[in-house]
Amino acid sequence: MIRFQSVTKRYPDNAEALSSVSFRLGEGAMAFLTGHSGAGKSTLLKLIALIERPTQGEIEIDGLNLAGIRGRHIAHFRRRLGIVFQNHGLLMDRTVFDNVALPLVIAGFRHQDIAKRVHAALDMVGLLRHEKKLPVTLSAGEQQRVGIARAVVNKPTVLLADEPTGNLDPELSREVMHLFEQFNQVGVTILVATHDIDLIRSLDHPALRLDHGKLSLDTELGSAAE
Amino acid sequence: MTPRGARPAPDRQPRSEAVSVQARNHTIGLGNRLSAWLLGHLHTIVFSLGRLARAPLATLMTAGVIAISLALPAGLYVLLDNLRTVSGQWEQAAQVSLFLRQDLRLEQAQAFADEIRSLPEVDAVTLIPADQALEEFRRTSGFGDALNALNENPLPTVLSIQPRVGVGAARIKLLVETLGSRDAVELAQLDMEWLERLFAMMDIVLHAIAIIAVLLGLGVLLAVGNTIRLDIENRRDEIVVSKLIGATNAFIRRPFLYGGIWYGLLGGLVAWIVVSIGMGVIDDPVQQLTHLYQSGYQLRGLGFGGGMSLLLLGGALGWCGAWLAVGRHLRAIEPT
Ligand SMILES: Nc1ncnc2c1ncn2[C@@H]1O[C@H](COP(=O)(O)OP(=O)(O)OP(=O)(O)O)[C@@H](O)[C@H]1O
Ligand SMILES: [Mg+2]
């Protein structure tokens, strides 16, 4: 569950990136986050991932007030999230397997469990046969899917994606979105930032629309699980 | 593309799964958690060594700087230690000569010699009467005629005192002072002053070595710190990504700290080898030198204990250097 309550974010040197944004995304729901370039999409996701802090307002994730999460608790909180980056954020000197395993290594899983989960995640994105390759030897779409496998391998309750299809052609973009829908069907709350309007239209999920830091309307988005 | 995600299998319910994972984490015993923790560290230790091995040239350069910094003071110290052992043997060759007053009669001199003989510091006393000294001098010096021209024997009676083996320089010195203040004694002389000067010099050298060692140790800290700093800079992306997916600072620190330890251990090992080779090289000339003095002294190397100390010292310095760099530079890297 993601809840924003009158959240304003002002960068030190800048006008407001987000102005009094309020919305609620129910547990197990999936929504898009759209808006022009500079509208504040990335900023909103960064606030959830505790990369940035709000200037005003309150953010609640899975019933946790983010203002109270500080210091080393930040790391533990982030393990609940799955984050997919636009530029995939893979480590180029590690194999696909090692990249996907990283969240589990960080969380201190045992070796056998790690192998099992990584294989399951790679199987889900259809890349099991590439596990021993280095990311550079994969296509852009495949790299993006490795990034998605890494984001979901630790079974997050919330999955954030910042323009995950930015570098992909329409066909691959649709594949990636279908992957997200599949995770959503098993109960993961998903928020995808994108300005690919065509893609949003072709899928049946609500969209939060940002315009110069303001949400078009205060939105209550239902839970897809209901 | 049909990954198997659409399957509504119950074990794919993330929330119940999350709960069961948590429950499992709570029920695994302390022993299991300890071994998982140990395995994690072991993995990091091997992993950080692997990283070093992948850049062998850079690794060897850093290890080389550490090795030189450790080998120099260690080698000097070993040399000094040998010199001290050798001169310690000389100390036992020290002699005290008492030149007695001219007007002392032989019986008095003999009684005095007996008294000295009974002192605990003294091993043996040889009495050389003035007549005998003169006779000997006449025979060996070739000044016989000149001496005949003298009315009186100009030489005093001499007591030559051999201190007991193991009596320290300080006590011998005290002995010389006490005996020198006696009425019967004209002059008390310790044939050891040059040795004392040597000891004093060795003391100065020892202090100098200590200062050099401290400075070079600081150098090691800076060298390791700088290497680790570059390491951190090169892995900025990896650090950012790791932080974003929930790595604690401790987790990110760990491979760098172990990296520092590896650099230090490697440097210590090379230093050990360098010092051993150096001792091997100078062993021959030392053998020749001591042969001249008929002493057959066996040069003492670092030994196993000394070598292990070098390793440990290197490892500790490497860890400290890494810690300094990590503390300063990791905090500065945050995802944006
Ligand atoms: N670190 C920062 N410091 C100062 N200003 C920033 C910072 N990050 C973002 N901004 C500003 O905040 C506003 C929102 O930026 P944000 O990155 O959230 O936009 P976005 O919707 O993700 O855009 P895009 O679609 O181009 O990625 C922009 O005006 C941007 O210039
Ligand atoms: Mg953006």
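Helix α9 of chain B is the top contributor to the lining of the second largest pocket, giving six residues. Helices (H or I, at least four residues) and strands (E, at least two) are DSSP runs, numbered from the N terminus.

Before going further, a word on the ground rules. This is a predicted model, where local features need pLDDT of at least 70, side-chain atom pairs count only at pLDDT 80 or more, and totals for chains, interfaces and linings use all residues. Residues are numbered from 1 along each chain as its sequence is written, chains are lettered from A and ligands numbered from 1 in the order in which they are written, and side-chain values use heavy atoms, with hydrogens and water left out.

## A pocket and a cavity

Rolling a probe the size of a water molecule over the atoms shows where empty space is left. On a 1 Å grid over the protein atoms alone, a cavity is a set of points where a 1.4 Å probe fits but cannot get out, while a pocket is an open set with protein on both sides within 12 Å along at least five of seven lines; lining residues have an atom within 4 Å of a point. Grid points are joined across faces, edges and corners, and a volume is the space filled by probe spheres set on the points.

The second largest pocket holds about 620 Å³ of space. In its lining of 30 residues, A:F85, A:N87, B:V240, B:V241 and B:L244 lie nearest the centre. Two or more lining residues come from each of α1 (41-48), β6 (81-84) and β7 (158-162) of chain A, and from α9 (236-244) of chain B. Sorted by class, this lining has 15 nonpolar, seven polar and eight charged residues. Here Ala, Val, Leu, Ile, Met, Phe, Trp, Tyr, Cys and Pro count as nonpolar, Asp, Glu, Lys and Arg as charged, and the others, Gly among them, as polar.

How many cavities of 30 Å³ or more does a search of the whole structure find? There are three. The largest cavity has about 80 Å³ of space, and its lining includes A:R78, A:P103, A:N154, B:L244 and B:I245. Strand β6 of chain A gives the most to this lining, with three residues. By class, the lining splits into six nonpolar, two polar and three charged residues.

## Salt bridges

A salt bridge is a side-chain nitrogen of Lys or Arg within 4 Å of a carboxyl oxygen of Asp or Glu. Over all chains, the structure holds 19 of them.

| Pair | Closest N and O atoms |
|---|---|
| B:R300 and B:D81 | 2.9 Å |
| B:E115 and B:R182 | 2.9 Å |
| B:R236 and B:E233 | 3.0 Å |

B:R300 sits in the loop between α10 and α11 (303-329) of chain B and B:D81 in helix α3 (residues 56-91) of chain B, so this pair ties together parts that are 219 residues apart in sequence. For exposure, buried means under 20% relative accessible area, exposed over 50%, and partly exposed in between (1.4 Å probe, protein chains only). B:R300 is partly exposed at 42%, and B:D81 is partly exposed at 23%. B:E115 is also partly exposed, at 38%, as is B:R182, at 32%.

Salt bridges can also join up: A:D93, A:R94, B:R51, B:R235 and B:E238 are linked in a network.

## A nonpolar patch

Which residues form a nonpolar patch on the surface? They are B:L60, B:L266, B:L269, B:I273, B:I277 and B:V281, with about 530 Å² of accessible area together. Patches are made of residues with over 30% relative accessible area and no salt bridge, with like charges joined within 9 Å and nonpolar side chains (Val, Leu, Ile, Met, Phe, Trp, Tyr) within 5 Å. Accessible areas come from the Shrake-Rupley method with a 1.4 Å probe; for residues, only the protein chains shown count as cover. Helix α10 (residues 249-292) of chain B gives the most to the patch, with five residues. B:I277 lies in that helix and is exposed, at 52% relative accessibility.

Most residues other than glycine have a negative phi. A:K155 has a positive phi of about 50° although it is not a glycine; A:K155 is in the loop between α5 and β7 of chain A. A:E163, not a glycine either, has a positive phi of about 45°. Is A:E163 buried or exposed? A:E163 is buried, with a relative accessible area of 12%.
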